[in-house]
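Hello,

Please find the structure below. My notes on helix contacts and aromatic rings follow it.

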Amino acid sequence: MDSYPPIEDHGLIGDLQTAALVTCDGTVDWFCAPRFDSPSIFAALLDKEKGGYFRIAPHDVRYVTKQLYLPGTPILITRFISADGVAEVMDFMPVTGERVTDAHRLVRLVTMVRGSMRFKVECRPRFDYAREEHQLERHRNGYIFRSRSATMTFNPVDPMRQLISERGDVRLEDGDLVAYGTFNEGDIGGVILETAGTEPRIISQEEVQGMFEWTRDYWRRWLERSRYTGRWREMVERSAITLKLMTYAPTGAMIAAPTAALPELVGGTRNWDYRYTWVRDTSFSVHALLGLGFTEEVSRYMNWLDERIREAGDLQDPLKIMYRVDGSSDLHEEILDHLEGYRGSRPVRIGNGAADQVQLDIHGEALYAMHLADEQGIRVSHQVWKSTVRLVDWLCGHWDQADAGIWESRHHPRNYTFGRVMSWVALDRAVRLALRTGRPGDIPRWTEQRNLIYNQVMARGYDRGRGTFVQAYDESVLDAALLSMPSVGFVTPSDPLWQSTLHAIERELVSDSLVHRYDPVHSPDGLPGHEGTFNMCTFWYVEALARSGRLDDARLTFEKMFTFSNHLGLYAEEIAATGEQIGNYPQAFSHLSLINSALALNDLLDAEADARRRR
């Protein structure tokens, strides 16, 4: 690889246990196995020289590329168009199912649509974040890459073997495989990489066609369960597929993003590992998934969350902010000094040291999700409710303390307004759940503490001199997290206190419709440098505008955001000042916030249209 592709120049494929990124020029430059949070096999995205990659592309041909998903699926098609012909590389991963497995298949098929082209195939794995040496073994029907801790088989799809042997050649270069072959019009061939494979074998076209049809039909059947028929259906459905791709099927846990260490500022140090399940992110996804009709996914996630609540409640501890997809919580953070980072953005971090922070708001997100699920008949067991009661009782005694906040500040703890608001949400939803289901709980105490929080936020979280809610008590800094206050019911959208806050956020944090989460210059977070605008904050802004009755402004802002997605409808975490996508990619919070904004805005636009018709 000669240079780093833009972050947005990637498509995402996956099998519901792990995922891979594929660039517009046919390179797999990020792939971890057997799980999302496993060590990488290809990581050229974080070091173009050392990270490893798998590329299939025309050789010595001038071409342009176009990329699209097969409609209704995450099957990725990369088109190479030149004067010599047109070829397509199709990439997908057959769904593995809900049973944990080390065997994962990455299917790459080449079809020569018109004319002829000479292709170059380069498979250069670098196991364990390029920390392990490997050997390449030649077998009769393929190849095996073998390292100390992993194996990967290279299985040709007929007639790839014949194309390489009869019209090209294969070279073994220090443990890497490089092959050349000419494809003529009508030729179809390819490769299936399989982790934890044993003996390589030649895959027939009939077999790979069966994999393709099964994968295609699985995703289309899944998408047919969506009941969304409103505006922006294509973007909503692509976001739903993306969220599903980031869900670990054996447990139902959703990761924040499938990548690690992609920078929030190119060349900067804000490079985090997002391959874990944040209670906050996934709990907010419950609203999005229920709104689309995906109750099975919500049910599975709630089972996973119930276990975390039981663990915390039984120990009378707070919830951790993030876990691995299997529910374990050892996320030791380390720096990979041998990798240069995306476009020189160091350090490259794996693991996440923020896992042990205390963040009060996550209890609100967890109880908010439980309440929404309960309304749809997805109810917790007796044992989980007992643990929930203990967790809520813990919160009653601990909500009035400084914490790290939603943005995971590595500076000193503070009394964050958002943390108090979401603690109010936790107690409010706990009261509602107990009353609705008739289950036991200390409702008088919960109600008393809920009201104390409300009064405290109104007294200390609102700066009367500025006329706005603020990020933390006794400070005057704004925070985009406050945009969610109306959607969780803490304030009404028409409240003058809220309207003045919205106007202040527009003046200070909004730039050409894009929203910064806060100003790090005036709100030190313990890290150097600055960052881009946060996509989820912009979507929160859309919903806040809509709930405030500013539907035209909300719709324009929402549709402007579409111009910042990539060619496949995918979003990273942030948008840089240059308009490029930065941060880990694709980002679950960006996509679930898009869905929630679409649901709210579509309903309000429909209500406005109905009102006009009645007049």
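**Helix contacts**

Helix α7 passes helix α9 in a left-handed crossing, a term used if the near helix is turned anticlockwise from the far one by less than a right angle (right-handed if clockwise). The model is predicted: local features need pLDDT of at least 70, side-chain atom pairs count only at pLDDT 80 or more, and totals for chains, interfaces and linings use all residues. Residues are numbered from 1 along each chain as its sequence is written, and side-chain values use heavy atoms, with hydrogens and water left out.

Helices (H or I, at least four residues) and strands (E, at least two) are DSSP runs, numbered from the N terminus. The axes of α7 (residues 361–375) and α9 (residues 417–437) come within 7 Å and cross at roughly 30°. Axes here are lines fitted to C-alpha atoms, for helices over the stretch in contact, and angles run from 0 to 180 degrees between N-to-C directions. The two helices α7 and α9 are therefore roughly parallel (under 35 degrees; over 145 is roughly antiparallel, 65 to 115 roughly perpendicular, the rest oblique). Contact means heavy atoms within 4.5 Å. Among the residues that make it are Leu367 and Met370 of α7 and Arg429 and Leu433 of α9. The contact residues of α7 with α9 divide into nine nonpolar, five polar and seven charged.

Further along, the axes of α12 (residues 535–547) and α13 (residues 551–562) come within 7 Å and cross at roughly 160°. That makes α12 roughly antiparallel to α13. Their crossing, α12 with α13, is left-handed. Residues in this contact include Phe539 and Leu545 of α12 and Phe558 and Met561 of α13.

**Aromatic rings**

Rings of Phe, Tyr and Trp (its six-membered ring) pair if their centres lie within 6.5 Å; planes under 30 degrees apart are stacked, over 60 edge-to-face and the rest tilted. The count by this rule is 29 aromatic pairs. In one of them, the ring centres of Phe92 and Phe212 are 6.2 Å apart with planes at 65°, so the pair is edge-to-face. Phe92 is in strand β8 (residues 85–92) and Phe212 in helix α3 (residues 205–224), so the pair ties together parts 120 residues apart in sequence. Phe92 is buried, at 1% relative accessible area, and Phe212 is buried at 12%. Buried means under 20%, exposed over 50%, partly exposed in between (1.4 Å probe, protein chains only).

Phe31, Phe42, Phe54, Tyr143 and Phe154 form one aromatic cluster.

Regards

Definitions and conventions
Nonpolar A, V, L, I, M, F, W, Y, C, P; charged D, E, K, R; others polar.
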